[in-house]
Amino acid sequence: MNLAAAALVSLAGLLTASAQNPSGKLERTSLFGSEYIRLTDWAGTGHWQVLWTRRNEEVQLTNSWSKLVFTVDSHRAEINGVTIFLSSPVALRNGTVFLSLLDVETALNPVLFPPRNTVSVPIVRVCLDPGHGGKDPGNEEGRRQEKDYTLLLARDLRELLAASGLKVAVTRNGDNFIPLPDRSELARKQDADLFVSLHFNAVLADKEEIKGVEVYCLTPAGSESTNARGDSADTSACAGNRFDAKNMLLAYEVQKTLVRTLPVEDRGVKRARFAVLRNARLPAVLIEAGFMSHPQESKRIFDPQYRRQLARAIADGILAYKRLVER
Ligand SMILES: [Zn+2]
């Protein structure tokens with residue numbers, strides 16, 4: 001690199017670097033229209049040991065407190081055994097692995113270096129949003145309607161969070177319809193510090209196969225949502241992007257407790273520009289706590305004892321997040 005190029009790189013580094021963001025100083029390469037950095041450069045900033053677990057396919061990074069797994073050409077990654085979906089695929093060029101800078105900043109760093117609140121800003125109140133309601137039943141399996149089960153789960157969760165000393169607000173406590181954009185606004189009006197939307201999933205085909213839990217947070221500006229199919233290239237910024245790091249940490253902590261404490265398939269932390277997340281003016285996630293369309297998983301969802309376990313896991317995820325940001 002000549003001196004002028006070196007100066008440019010270090011200037012770019014100065015513009016974006018912060019104490020928690022060592023990746024900002026690393027040399028960048030453009031791939032798939034996004035900025036990428038070398039995995040080994042980034043690994044050097046965190047004292048990671050890098051090891052191919054499958055040559056040119058799967059690479060593992062370990063240090064004394066964490067393990068990361070990346071798969072070449074894939075969006076799917078693991079942080080300490082929990083699946084997260086990256087915005088851009090991991091790339092291999094001439095034997096060198098590259099990670100997208102946006103993913104380092106919005107998916108990896110928030111989990112590995114939790115964004116802290118100042119001491120004077122504790123998490124006091126959580127707003128629970130039982131999905132659907134009133135004229136909107138959500139998913140339907142026979143007589144069973146999603147809106148009833150999200151409300152039952154919210155009531156269990158409310159009790160557990162209150163018992164842990166948190167104040168709990170709700171967007172609905174009965175069978176009433178609330179427009180999507182109003183829901184996070186209700187959270188803000190009730191002075192909540194976190195917004196947690198509760199849902200159950202369903203599919204029309206492959207009902208026997210598709211099961212498990214997934215937690216969504218808002219897609220970062222400039223990237224596609226996890227389930228976008230290429231044609232819907234909405235990469236716009238939303239008000240909720242102010243909380244990208246906290247959104248990701250909350251989603252990760254909830255997914256982690258769900259998959260570690262319950263016998264459920266890990267469908268991962270995903271990103272979406274859902275209406276309830278877009279304009280949330282507080283950290284927000286949407287939990288899909290299982291498939292009503294799966295023969296066995298649905299039986300569990302309709303069972304009060306299992307829903308209690310679900311609520312316990314979600315509450316523990318929220319409490320883990322609270323400890324991390326308040327520490
Ligand atoms: Zn739903």
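The zinc ion is coordinated by three residues of this predicted model: His 132 through NE2, Glu 146 through OE and His 199 through ND1, at 2.1 Å. Donors here are N, O and S atoms within 2.8 Å of the metal (3.2 Å for Na, K and Ca); water is not among the atoms, so sites may look incomplete. Along the chain, the donors follow the spacing H-x13-E-x52-H. Glu 146 sits in helix α4 (residues 146-163) and His 199 in strand β14 (residues 194-201), so this pair ties together parts 53 residues apart in sequence. Helices (H or I, at least four residues) and strands (E, at least two) are DSSP runs, numbered from the N terminus. Glu 146 and His 199 are both buried. Buried means under 20% relative accessible area, exposed means over 50%, and partly exposed lies in between (1.4 Å probe, protein chains only).

Some ground rules apply. Residues are numbered from 1 along each chain as its sequence is written, and side-chain values use heavy atoms, with hydrogens and water left out. Because the model is predicted, local features need pLDDT of at least 70 and side-chain atom pairs count only at pLDDT 80 or more, while totals for chains, interfaces and linings use all residues.

Next comes a sheet. Four strands form an open sheet in the order β1-β2-β9-β8, with antiparallel pairing. Two strands pair if DSSP finds at least two bridges between them. The edge strands, β1 (28-31) and β8 (91-93), each pair on one side only. From one strand to the next, the twist averages 45 degrees. Within the sheet, β2 (residues 34-38) and β9 (residues 96-100) are joined by three bridges. Ile 37 has Leu 99 in β9 as its bridge partner. Helix α3 (residues 101-112) packs on this sheet and touches β1, β2 and β9; its direction makes about 60 degrees with that of β9. Contact means heavy atoms within 4.5 Å. Axes are lines fitted to C-alpha atoms, for helices over the stretch in contact, and angles run from 0 to 180 degrees between N-to-C directions.

Now turn to β15. Six of its six residues are buried, so β15 is largely enclosed by the rest of the structure. It pairs with β16 in the parallel sense over six bridges. With strand β17 (residues 284-291), β15 pairs in the antiparallel sense over three bridges. Cys 217 has Arg 271 in β16 as its bridge partner, while Tyr 216 stands opposite Leu 286 in β17.

Tyr 216 also takes part in an aromatic pair. The structure holds four such pairs. Rings of Phe, Tyr and Trp (its six-membered ring) pair if their centres lie within 6.5 Å; planes under 30 degrees apart count as stacked, over 60 as edge-to-face and the rest as tilted. Tyr 216 and Phe 274 are edge-to-face, at 4.9 Å centre to centre and 65 degrees between the planes. Tyr 216 is in β15 (residues 213-218) and Phe 274 in the loop between β16 (266-272) and α7 (275-278), so the pair ties together parts 58 residues apart in sequence. Tyr 216 is buried at 4% relative accessible area, whereas Phe 274 is partly exposed at 29%.

What of the cysteines? The structure holds zero disulfides. A disulfide is a pair of cysteine sulfur atoms within 2.5 Å. The sulfur of Cys 217 is 12 Å from the closest cysteine sulfur, that of Cys 238, which is too far for a bond. Cys 217 is buried, with a relative accessible area of 1%. Cys 238 is buried too, at 11%.
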